[in-house]
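User: I have a model open and want to go through a few things. Can you take some quick questions?
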Amino acid sequence: MKKLTIEKKRRLEGILFISPWLLGVAIFFANPIIQSIRLSLSKIVKFKGFVMKWYGFGNYSKAFIWDINFVPMFLNVIKDTFINTPITLVFSLIIAMLINRSMKGQSFFRTVFFLPVLLGTGHVMKQVLGMGIGEDAMAVAKGILMPEEFMRYLGPAFTQAVDGFLGRITLILWKSGVQIIIFLAGLQGISSSLYEAAHCDGCTSWEAFWKITLPLMTPVLLLNFIYTIIDSFTDSNNPIVDYILNYGFKNNQFGYGAAMGWIFFLFIALVCGLVFAFMRKRVYNAGLKQG
Amino acid sequence: MQAGTSEPVQNNASSRKVLFHKLTTRYFWKDIVVNLALYLLLLDLAFVFLYPFLDMIITSLKTEEDLLDITVQWIPSKIFWQNYKIALDSLSYTSFFKNSVVVTILATVGHVLSCSCIAYGFARYRFKGSGILFGIVVLSMIVPVEVLIFPLYMMYSRLGWLNTFLPLTVPAFFGFGLRGGLFIFLFRQFFIGLPYEIEEAARIDGCGPLRTFSSIMLPMSQSSILVSIVLSLVWHWNDFFEPSMYLFKPKVSLLPARLSGIISMFNAEKVVEDYAETEIIFNEAIVMAAIFLVILPILIVYAFLQKRFMEGIERSGLTGQ
């Protein structure tokens, strides 16, 4: 047998390690994607055996022109994404920084902030929220974060804005367990000698946050951003997920369901692409770009 | 920002002097105030997090009268275990518990085995196209289930995998399944942070790549393995979406699906109370007891792994210093 060069050998070893994934990609990713594109461009005429007929862009135009529910729902989801994602990121970063300090009761707080993840990532949570507990907790959050008397002086417009904001916050907080954990992991990775050196040079904590913490956290921020987006799009609280599945499975319109899925995906890809483009130069020591 | 940095104390007089000095400096008071404010904020946030949980446990122990009585919010007049018994029976807990355990453990094992191996390949080997392939890993994280679910359903239907546990467990062994990409990403990030020297030393000593991975890298990545195990367990246990697609025969359903059945019965009774034909009338307390029973195994597992999980999180090397 001819002896392999070291480079070729290394390459073979690498492929060996990722071979299960290569197989997985072919079966569980690439093939379904191609099928899905085909499906979104056709119509199932016979359900038994899934016989398809070419339908062109009919499914897509149906989503935008014929279906009166899809577009408003879609716009709503877009709006929610743009509002919720930054709030989630900011709050989970703040909480992660708070529980990262050495203090009494640290492990208690860490456990508490991870509880919602255990409580159920989607469906159980939806039920718990649906039972009216959500509203109670919102009232609780409101009472603690902002005393009633204080609100009375500020006029209805402001109160309404605060109400809307707080209502969101509670729901968002419950969904940010994993993000907090990921941020915490990132914060733990920053060496404390950096802060000490900065402190010796007369840097305040505020400056240290903007000049040390934030730049070093950019890769984690990117990861968290992607996680938040994916999570919000597969969440069973998301009305559009329900809608697509109902349409697809209950009405047996796989083609239309797939088409809506693709419209949805294009939006996610667009958002993620924009964020990648924006963060590309700003990510320090980019974990994602090392590959 | 540490309150009261303790200086070495020589004797009483000087310690009093130090104390006096401390109390009169502005920074000392500022620190105390800042610390107190941060504690209050944390407690406040913690309460928002704990509230639904406490409410669930307490409601699950209430009697029917307590549920209607608005003065009973936190302390039930009598602890009513009966709810749990009814919930256990109507969930058929023991038989469906087995289903859930089988699926969750198989999928978790699959994720840990496959994702660590794949991630090692991506972290340590550069070859033509490896960048693009890792891009596909990221892409597989982004593509929502809605796009893939219809073709996957068709594929599983052709293979005759519907109403078996195969669609939920087999993809996990190939680095796919529920958020497989994320686990590959986490492991890769960890492996990148490890020094090369150990592997080089192993190679010089004649250790093959597979052996290096299994007997050197894997034991070193215990913390990452633990984090993946906890997250994978929790996500698979609670997952409702995929099981509800592929398992529609009642015999093979998992606990979350059973729970959802109870909840919909409860909601239905609220709407048409006159038509309540079932012998058991589900009240809110029973529903809460059922929810608690479903998440209880996860809580127990987490209680055991909590400390090491947090340590693992701290060592996951996400910022890669």
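User: How many helices and strands does chain B have?
Analyst: This is a predicted model. In it, the secondary structure of chain B consists of 15 helices and 0 strands.

User: And how much of chain B is buried?
Analyst: Chain B has 321 residues, and 39% of them are buried.

User: What about its contacts, what share join residues at least 24 apart?
Analyst: In chain B, 79%, counting contacts between residues at least 6 apart in sequence.

User: Switching to the backbone. What is phi at B:N163?
Analyst: Positive, about 60°, although B:N163 is not a glycine.

User: Where does B:N163 lie?
Analyst: In the loop of chain B that runs between α7 (145-159) and α8 (166-169). B:N163 counts as partly exposed because it has 15 C-beta neighbours inside 10 Å.

User: What about phi of B:R179?
Analyst: Phi there is near 55°, again a positive value in a residue other than glycine. B:R179 sits in the loop between α8 and α9 (180-193) of chain B.

User: Is B:R179 buried or exposed, and why?
Analyst: B:R179 is buried, because 23 other C-beta atoms lie within 10 Å; the cut-off for buried is 20 or more.

User: Now the interface. How many residues of chain A and chain B are in contact?
Analyst: 84 residues of chain A are in contact with 75 residues of chain B.

User: Which helix gives the most on the chain A side?
Analyst: Helix α1 (residues 6-40) of chain A, with 17 residues on the side that touches chain B.

User: And how do the residues on that side of chain A divide?
Analyst: Into 53 nonpolar, 26 polar and 5 charged.

Definitions and conventions
Residues are numbered from 1 along each chain as its sequence is written. Chains are lettered from A and ligands numbered from 1 in the order in which they are written. This is a predicted model: local features need pLDDT of at least 70, side-chain atom pairs count only at pLDDT 80 or more; totals for chains, interfaces and linings use all residues. Helices (H or I, at least four residues) and strands (E, at least two) are DSSP runs, numbered from the N terminus. A residue is buried if 20 or more other C-beta atoms lie within 10 Å of its own, exposed if 12 or fewer, and partly exposed in between; C-beta atoms are placed from the backbone. Two residues are in contact if their C-beta atoms, placed from the backbone, lie within 7 Å. Ala, Val, Leu, Ile, Met, Phe, Trp, Tyr, Cys and Pro count as nonpolar, Asp, Glu, Lys and Arg as charged, and the others, Gly among them, as polar.
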